Amino acid sequence: MNGMFRTLICGSVSALCLIGAADAQETRQAESRTLADIAEPARLAVSDPTTIGLAFTYFWYDVHEAPADCPDGWAMALRDVAIMHLPEERQEFLLRPENRSTYYRMGYALSAQRMAEQGGESICNIPKSYDDPPMRVVQSDTAYGRDLDGLISDGSDAQTCGTVDFTSPDGTPGVDNELYRVMGCIDSFRRDPEFAGGAMEDYHIGSYRDGETTTVMEIRGVDDRLNDDEVEIGIYASFEPTMFDSEKNGLPHASITITDNRIWHSLGTGRIVDGELITNPFRLRTRLGWSGRPAEYLIYDTIIHLTLNEDGSAEGDLVGYFDLEHAYWNNFHDAAGALQVANGYTCPAVWTALQEHADGRYNEASGRCTAISTAMRIEAVPAFVIHPPEDQLVDYVIDTTEYYGVPVEQIMVEGAGTRAREVRSLGQSDEEDMMEALMEELDSSDASDPETY
Amino acid sequence: MAGIKSIALPIVGLGVIAAAVLAIPDARSLIFGGNSFEGEIPPPQMRRLTEAQYRNTIAEVFSDEITVVGRFEPEIRIDGLGAIGASQASISASGYEQYYGIAGSIADQVISADNWADYMPCSPSESAEFDRECASQIIEQYGEALFRRDLSSEDVEVWADAMHASMAQVGSFENAAGLVIEGMLSSPQFLFIIDRLEDDGRGDVRLTNHSMAARLSYFLWNSAPDEELLRAARAGELHSREGLEAQVERMIASENLRQGSRAFYDDFLDLSRFSSLEKDRLIYPAFNQAVADDAHEQLMMFLDHHLIDNEAPYPSIFTAKETFLTRSLGMIYAVPVVPSEGWELVRFPEDDIRGGLLSHAGFTALHSHPGRSSATLRGIAVRQSLLCQTVAPAPAAVNFTVVQDVDNPEFRTARARLTQHRTDAACASCHRFIDPIGLSLENFDGAGMYRIREHGEMIDTSGEVDGIAYDDLPALENILANHEAATSCVVERLQHYATGRSNTEIDSYWNVELMRGFERSDYNFRELMATIARSEQFYAVSLPEAEGGEDLQQANIPTQERNS
């Protein structure tokens, strides 16, 4: 047998092991296999009846939308900052639909100007460099989510850093979802704005559909799918795509090999009550790669509620405290500057808003909260989660020193190594190319002429 | 060609192909001498190359680096086999244009500056000068391989003269060589496997060594003779038992046997239909082209695994539990597949409905409609392909409304719909014969995915076949595995596939011998292939009795033109 396809038997909980990873880099390179290469004896073609495997087909914030959310209007994008000092009639002129391209170009020009001023550094790496107008945040008191801290905070709790809880649409008080408060007035994070509405959801869910992001879950030790006092759970990243049909519906029963990087294996426990999985709080760290960014979910005290359907699919929600910096990097960081133009936020404004609305993981020393509560919706189809052999597992973090402008030590996990960031998205390089072109255009223009600069 | 009393002379002219055989009356003899078997000896044949044979031949003669792009003449199936159709097929005018285009494309690749040294035995000293010696080497090398016969010095001279004459138009020796390759590939002598006869020295005729090599090679390897087989043919070894036995033994042991076995499975089970297999994406979203391709390949691998690699008894294909899966197929079978790429050998548990040939997605999806399963199509496939039984075509003006209306709440399962359909007396007799087998496969939907209910109602897979009642598919598979018709069918089909002809008198006697041997070998399919390849009957040929004497139309064509 070809040495590249060693048969390895491992004793993982799922009882399924990867036969022959091509190498530790998790490439998807096709290997031609002849009959002689195929391992014998045959593997029993059954799935473990005590394991439920799922592939996420939808994983995005539970965004409640109501007219009262943003009475002052949507949050300002860089394009809005670019024109806010113009005379009112000029602003009105630029905001007309037929002038939208000029309006956007002014935003791009401002983005390029700021980067030029900072020597090419992304403004999102140095959000304190500019003093943009404060973020418009959600004013209403209704949001999806759950009570994470057992408090009904009215702004006076030091442990939640003075934040005010929401009430659930079903009337349940004490809902902790401050990330929604921050992002809830950004046009592209909602679906109802006429322009840009739904863009961020589409980016994120699109990354699942185009194979850039894959998240799978296993519920193990299931003796009874309706009621089981104790089950184990695992959430894993994978570099293999989730399968969708032409209608964008997830396809069931795909076999998906999880990453060999243990950093993106999040383990926990839970129970099943009347067909609903309820996890105990656990730390979730998994990768999300949309538009090429090296993003991660790092969510503390994660609790998942998942209704397990008879057909093997599942849907529910995930709540927890999103690490503040990861929440910023994951959702808002914009290496090239274009996102802040097309979407209703600027890095300086959103960075400040996140600090102000952080409500979890209170740090006694600093007197600040270091995480922000969130609520996400999950939809999943049945899948077979394939584990690499134990002896092939590794620990590494992606070196984002240059990308996010933070020392690697800040995100390092004890015992882990580092790996260089790989751009997997064509979109990202397009975006970077575009900004390079704008920078060149800006460099060649006359800085004393406000019409061209 | 010295000593040849009879020669098949195919002519292409305006898309018309004719075979002229100069008759020699009362010639009846066998390659090994003496009439050691009963029955009338069949006449020689011209078998049109199948697409797979064409591609394999190009890979064998040149290399698999040469791409073959083009549309081939559609397969004609006669008596359940394309192989029989190929021996009765011609080439249409438009089809010939396609072959001509393919030939040109292959020639361009072969003579390209990058490839010349790899494929050509020599190079001219000057590109603009005609080098007759080099030209002759090229013609001799490829003439023998592509025409599957030895070339006379006159043949070489004719081709060399034509090549020389073309240089004025095409400008270089290399381009002229390309014309030679293109001309050979466009010739009926290449496009048809032509039986060529010679005097056996006792007043009878026999296949030439080269024709024997071609028959043997296209049967066992579905490709042109390789260099060793051509060497044996040149040396005349195939007319001796020892020489033939040595080549059969070598070829049966070769990895190339899979090309031959797979070509047979394709023909036997009519798997060429995979190329046009379509499923409704809304009804079967998981079934895509990758699944169709894999399902086809899975059947090939499954049959090779059991019949060639493990040499398991043929009936075991109905009850086997081991097969191969890819990730795409894993989604149809709803089982995990460990390797991210390629195939995994898996074994279904003994109590699993999956495993045997009939439970493969390739079988159930192929014999279904785009949007629904079909107990009738599946039943017909089993009866006709696997049991060699005849099913009468549906009578005209049949009302299929009930069968096609799968959402009719009154008839929620295929069984209910077909039961209603059978109330039409015109349909009843055939459906009673066909449907029970197909209904036992109703646990697989139109894409081959397992289900236990249809429209909420439990699917009943019990039935009765040829007087034996059974409860479910595994029981039916056991019945089929022990059904005499199943083993006799594969023998008959392989025999017909090998010879490219329907039953003749000698085939009937030969079939009895083959069947006995098959039983003695514990239904060893590989051994059956070898037995046929060794059989005198496989090479038996006689001169046809031409009605009205010489074919005057052909006789009036100058000899050189007929040979060109």
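**Close-up views of a two-chain model**

**View 1. Helix α3(B) crosses helix α7(B) in a right-handed sense.** A crossing is right-handed if the near helix is turned clockwise from the far one by less than a right angle, and left-handed if anticlockwise. Helices (H or I, at least four residues) and strands (E, at least two) are DSSP runs, numbered from the N terminus. This is a predicted model: local features need pLDDT of at least 70, side-chain atom pairs count only at pLDDT 80 or more, and totals for chains, interfaces and linings use all residues. Residues are numbered from 1 along each chain as its sequence is written, while chains are lettered from A and ligands numbered from 1 in the order in which they are written.

In chain B, α3 spans residues 93-111 and α7 spans residues 173-186. The two pack at an angle of about 145°, with their axes 8 Å apart. Axes are lines fitted to C-alpha atoms, for helices over the stretch in contact; angles run from 0 to 180 degrees between N-to-C directions.

**View 2. The residues where α3(B) meets α7(B).** From α3(B) come B:Y99, B:Y100, B:A103, B:G104, B:I106, B:A107, B:D108, B:V110 and B:I111. Facing them in α7(B) are B:E174, B:A177, B:G178, B:I181, B:E182, B:L185 and B:S186. Contact here requires C-beta atoms, placed from the backbone, to lie within 7 Å. By class, this contact has 10 nonpolar, 3 polar and 3 charged residues. Ala, Val, Leu, Ile, Met, Phe, Trp, Tyr, Cys and Pro count as nonpolar, Asp, Glu, Lys and Arg as charged, and the others, Gly among them, as polar.

**View 3. Domain 1 of chain B against domain 2 of chain B.** Chain B is divided into domain 1 (48-191), domain 2 (262-481) and domain 3 (484-537). The bounds come from an automatic or database domain assignment. Between domains 1 and 2 of chain B, the C-alpha centres lie 42 Å apart. Domain 1 puts 6 residues in contact with 5 residues of domain 2. The domain 1 side has 3 nonpolar, 2 polar and 1 charged residues.

**View 4. Chain B meets chain A.** Here 26 residues of chain B are in contact with 31 residues of chain A. On the chain B side, the elements giving two or more residues are α13 (289-309), β7 (322-325), α15 (327-333) and β8 (344-347). Strand β8(B) gives the most, with 4 residues. By class, this side of chain B has 16 nonpolar, 3 polar and 7 charged residues.

**View 5. An open sheet of 3 strands, ordered β1(A)-β8(B)-β7(B).** Its pairing is mixed. β1 of chain A and β7 of chain B stand at the edges, each with a single partner strand, so one side of each is left without a neighbour in the sheet. Strands pair if DSSP finds at least two bridges between them. β1(A), residues 43-44, runs parallel to β8(B), joined by 2 bridges. There A:L44 stands opposite B:R347. β7(B) runs antiparallel to β8(B), joined by 4 bridges. There B:F324 stands opposite B:L345.

View 6. Chain A has 10 helices and 14 strands; chain B has 27 helices and 12 strands. Of the 453 residues of chain A, 45% count as buried. For the 564 residues in chain B, the buried share is 46%. Buried means 20 or more other C-beta atoms within 10 Å of the residue's own, placed from the backbone; exposed means 12 or fewer, and partly exposed lies in between.

Definitions and conventions
Two residues are in contact if their C-beta atoms, placed from the backbone, lie within 7 Å.
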